[in-house]
Amino acid sequence: MSDVAVHHHEAMADAYEPSLFGTYSKKIGMWLFLLSDSLTFGALLWAYTYGRVSTPNWPTPFHSESIRNATVMTAFLLTSSLTMVFAVRAAALGNAKAQRLWLLATMACGTAFVVLHGREWSNLISEGLTLPFFPTPPGHPGAEFSEVAKNVPQFPSTFFGITGMHMLHVTIGVIYLGIVALRKWFIPILLGLWLVAWLGTPDYSPFHYGSHVLLVGAIVCGVIVWLKPKLYDASDVEVAGLYWHFVDLVWMFVFPLVYLMSTKII
Amino acid sequence: MDAIQIALAERVAEEQRHHGKGQFLWVWAALLVMTGIEVYLAYQNMEPVRMLTILMGLSLLKAGLIIGYFMHLKYEVSAMKWMTMTSLVVCLALMMIFLPDAVRVVKLAVR
């Protein structure tokens, strides 16, 4: 019986040509997805550049506090890429414990990035940099950034559009790594995080509603692990790593273009 | 996964086993240093186009390090490198077609 299975397996293998790209199809699929996603960010960054070039009095409002915060966020993201590489290496070496620990370290850095970014957004919104559909925070009608949002609405639109899209990608990345590292046991953790984020933020914060991304993530992950319960192997970790590094890569352009080029120099 | 996929995944894993941690630590350190340089430049009150050129140059270098080492593209076969990078660069470059219009808006004061 087992001989028949082996022969069948070999016959199936012979039926396919070797991959032109010298690697397995999951990885090629992720590369193709990342190429398409890079066009999403490319379009957003081009739109930002267009708006900036065509607007003579583009504001440069970011104080040193914002720049310091964004620099620490960048360091967290770069460090998360390093821990991700170590997770991929541990997976290739068959060290399951180290793989899980490095994945959890990567998730911790990614979570720190999102929390710092959320704090940054909240500060900017409370100072008047907001979008029309954001709930109005109490107080500060004449806050520092109110004039910026009023006179150059392209600035908050592009800022929140680009950084929000990136933050969404980081959040999805943390969920993705959580499932690879902990499988179905990550879902109750995710639901706990959702409750903390939802109930722990005031109702005028965009994160009060944004936290529902975690609930949607938990539902999607629940369906995935229910339909295809499996132990994730080294190739799954490597493919997840590609996604994570891409998120890091995009930030390498967002940080200088959106933050550093808009630094307030006194 | 079928036999070919398993063999390919094993070949990739075999390559991973040959890379020491030191190489990745160097890349990480280089990325942090370049980020530090970028932040320093942001406070130098430089002419915007010049600063943009330098910042984008550094960002491209950082992107190259991340793609090459962290995303492992340096160790992929040529077909993979060419397919991914040429399609990406061409598509992003095509988006630039619209950029001169932004200058026209300013120069001709079109509102």
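Which residues touch the most other members of the largest nonpolar core? They are Ala87(A), Leu177(A), Val250(A) and Val254(A), in a core of 85 residues. Such a core is a set of buried Ala, Val, Leu, Ile, Met, Phe, Trp, Tyr and Cys residues joined through C-beta atoms within 7 Å, buried meaning that 20 or more other C-beta atoms lie within 10 Å of a residue's own. Helix H10 (residues 234–259) of chain A gives the largest share, 18 residues.

The model is predicted: local features need pLDDT of at least 70 and side-chain atom pairs pLDDT 80 or more, while totals for chains, interfaces and linings use all residues. Residues are numbered from 1 along each chain as its sequence is written, with chains lettered from A and ligands numbered from 1 in the order written.

Leaving aside residues up to four places away in sequence, Val250(A) touches Phe41(A) and His166(A); contact requires C-beta atoms, placed from the backbone, within 7 Å.

The axes of helices H2 (residues 25–53) and H6 (residues 154–182) of chain A come within 10 Å and cross at roughly 160°. H2(A) is therefore roughly antiparallel to H6(A), a term for angles over 145 degrees. Among the residues that meet are Leu44(A) and Tyr48(A) in H2(A), and Thr158(A) and Met165(A) in H6(A).

The class counts for two contacts follow.

| Contact | Nonpolar | Polar | Charged |
|---|---|---|---|
| H2(A) with H6(A) | 6 residues | 4 residues | no residues |

Methods:
Buried ≥ 20, exposed ≤ 12 C-beta atoms within 10 Å, placed from the backbone. Helix = DSSP H or I, 4+ residues; strand = E, 2+ residues; numbered from the N terminus. Contact = placed C-beta atoms within 7 Å. Axes fitted to C-alpha atoms, helices over the stretch in contact; angles between N-to-C directions. Parallel < 35°, antiparallel > 145°, perpendicular 65-115°, else oblique. Nonpolar A, V, L, I, M, F, W, Y, C, P; charged D, E, K, R; others polar.
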